[in-house]
Structures are given as structure tokens and as C-alpha cells.
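Here's a quick briefing to read with the structure open beside you. Take it topic by topic.

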Amino acid sequence: MIWIVATAVIGSLILSLALTFIVRSWARRSGFVDKPGGHKGHKKPIALGGGIAIFLTVAIPLLCGTLLARWALASGNQSWIPELIQPHLSGISDKLPLLLAILGGALILHVMGLIDDVYALGPWGKLAIQFGVAFSLVTFFKIRAAEALGVIPSIAITTFWIVLIVNAFNFLDNMDGLSAGVAAIAGSIFACSAMASDQIFVPVMAWILVGAVLGFLAYNFNPASVFMGDAGSMVIGYFLAILTVLTTYYDPDRQLQPLGVLVPIVVLAVPLYDVTSVVIHRLRAGDSPFCGDQRHFSHRLVNRGMSVRAAVLTIYLATAATSISAIILPRASWQMACLIFSQCICIVLIIAVLEHAPVSKTE
């Protein structure tokens, strides 16, 4: 399994590095750039289009791998397929309709994001499309969470969850390297969780996403030379949300405990805290919750004296601190699971207290 992980991560990393370089060059030549002004922190135009590289880096390997599995089964020529993969060929091949649906939803959000990066679409239209994509995927392709609650509650919860995570990573894309780095950490944890439940398709998808965002991060870490834009941040959030739903957290036959369903909340605690706190700040100020500003967690850290890099690395560490223990959550006892979840809450509360505490001024 290790070599599969290495191939997925390294292969997508190299592809992302190449595609991001190509897209950045094209964006600079064509004028597809994010200009400074308003609430934006950069001082000069920065190339857009990084989201194109991320989307293609995820879509191409997944689609090619699934089609190859289907071809190998149809032709009967499976000798070149690694022995570890051969028992899963049928399952991978059967995933093609589901994969096409997932990539189709990602493509819709990606194109909408590209249009928004150029023409600044209104928030309500974007929200309607996000809900439409999520609802269609959940309803017609049965990508659902909380199915024990019944069909209608499951559809409602999963649709809301997907839209929430899409916007959480869209909101998180407010500082160089932030959204991509947090996505790499979260994606790695989700991949490990899926591997622990003996899944193949989901962890490979997660590791490919990790490689894609890491390749982009090489160009996006402060000082960034290319931005992902909404075309990238919404797609990243969408893929992560889908991964959380597809991963098996509770399965008595595999000794996976019920509180394993808390894994996505624990892993994504920091992005969820950011989107929640920003919306509250904006509503208190009488502003639209979708109006861009510098009230994000990262901005508040910078306002307290941190550099951009220090603020981003601090959020990486906070994400890792809540995430790492989530790997053992599905196999933990009730007592241990409660301790892990409590630890996550404590970390988030520490963040909230420290970033809102008044700064003392010394002579």
C-alpha cells in the first residue's frame, strides 16, 4: 500500500507542479490576474488560474486510473496490474459512474469559480449553484452521511455539509498558502482514516488531492506568485467534503466505533471555526456574511503582530493539533473518543481566547 500512496502523492505533485507553472505563465500573458485593492493584501497583480491546475491534477489521474481498471477487466489482461490492486479492480471499475458524477459537480463549481474570478458573481447565485450541485449528487448518486436518520434528514444534512465545507475553504483562501496547506493536512488525515477502514478508492483520491495542493503550494506559499481563486478553493472544499462522506467511519464488523463519525468535524475544526467566527463578526457589524474583508482568523493573527508566514504556519499547527488524533477516533473507546473530541474543543477555545484577548501596550 505504501508504494500506491507514494505513487499517488508524488505523481500528482509532479503533475501539479508542471500544470501550475504552465497556468501561471498563461495567466500572466493573458492578463488573468488578481489586481490589488479593497480588502486584498497583495500590492501587485498576481496570476490567477491555480485552481485550473488543481482541478486537472485531481481529475486526470482519477479518470485515467478508473478507465484503465475498466479496460483491464474487459480485456482480461490484468497481469500488469499490481497484486494488491487486482482484487479491487471490479470495485474501482464500478466506481466510474460515481466518479463522473463527482467530477461533474467539481467541474460546475470550477467553471463558476473561474467566471467569478473574472466578473465577481453575486453570493446568492453562487450559493444556489452550490446547493444545486450538492443536492443533485446526494439525491441521485446517494453520496450521503447520517443515513441511519432516514433518507430526508440524510439528504438535508449531507447537502448542507458539502456546501458548508465548500464555503469554509473559500473563506480560508484569504492569505498566501493558507487554504492549500490546511487542505493538505486535512486530506492526509482523511486518507489515513480511509486506509484504516481498508478502503482503496477513497484514500487514493485523497492522496491525489494532497499531491495536487502541495504542488500548487510550492508557488502559493508567501510570497505567492499565483492564486487558486474561487475556481480552486471551492473545488478543494468540495473534494474534501466528498471524501468525508465516502469514508467509512462506523462499521461494527471492522470494529469501527460510532463516534468515528466525528472525524470530519475534528479534522476540519479550524476551517469551521474560521467560517463561523467570520460570519458572526460580519453580522455583528451589520455586513453581509459573504462580503470579503480582513476579519478572518489569519488576519486577526497578523493584526496581533505576526508575519503572514507565521500566521499561516500557526494555523497549520492548529489544524494538525486537532487532526492527528482523529486517525484513531474510529477505533477508540467511548471514553477515549470523548477525550479526543474534548481536546479538539479545547484547542479551538484556546485559539478563540488568544486571538480575542486585548494586546497590552508597554512603554
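Where is the place of A120? A120 sits in the loop between α4 and α5 (123-140); helices here (H or I, at least four residues) and strands (E, at least two) are DSSP runs, numbered from the N terminus. Keep in mind that this is a predicted model, where local features need pLDDT of at least 70, side-chain atom pairs count only at pLDDT 80 or more, and totals for chains, interfaces and linings use all residues. Residues are numbered from 1 along each chain as its sequence is written, and side-chain values use heavy atoms, with hydrogens and water left out.

- A120 has a phi near 55 degrees, a positive value in a residue other than glycine.
- With a relative accessible area of 60%, A120 is exposed (exposed is over 50%, buried under 20%, partly exposed in between; 1.4 Å probe, protein chains only).
- K142 also has a positive phi, near 55 degrees, and isn't a glycine either.
- You'll find K142 in the loop between α5 and α6 (151-172), and its 60% relative accessibility makes K142 exposed.
- N222 and P223 are joined by a cis peptide bond, with omega about 0 degrees.
- P223 belongs to the loop between α8 and α9 (229-246).

**Helix packing**
- Two packed helices are described by the angle between their axes and the distance between the axes.
- For helix α1 (residues 2-30) and helix α8 (residues 201-220), the axes come within 7 Å and cross at roughly 40 degrees (axes are lines fitted to C-alpha atoms, for helices over the stretch in contact, and angles run from 0 to 180 degrees between N-to-C directions).
- On the α1 side, residues making the contact include I4, L13, F21 and R24, and on the α8 side they include V204, W207, F216 and Y219 (contact means heavy atoms within 4.5 Å).

**Residue V118**
- V118 is part of helix α4 (residues 96-119).
- At 48% relative accessibility, V118 counts as partly exposed.

**Residue M306**
- M306 lies in the loop between α12 (297-303) and α13 (308-323).
- Its relative accessible area is 31%, so M306 is partly exposed.
- Leaving aside neighbours within four places in sequence, M306 is in contact with L301, A311 and T314.
- M306 and W26 are 280 residues apart along the chain, and their C-alpha atoms are separated by 34 Å.
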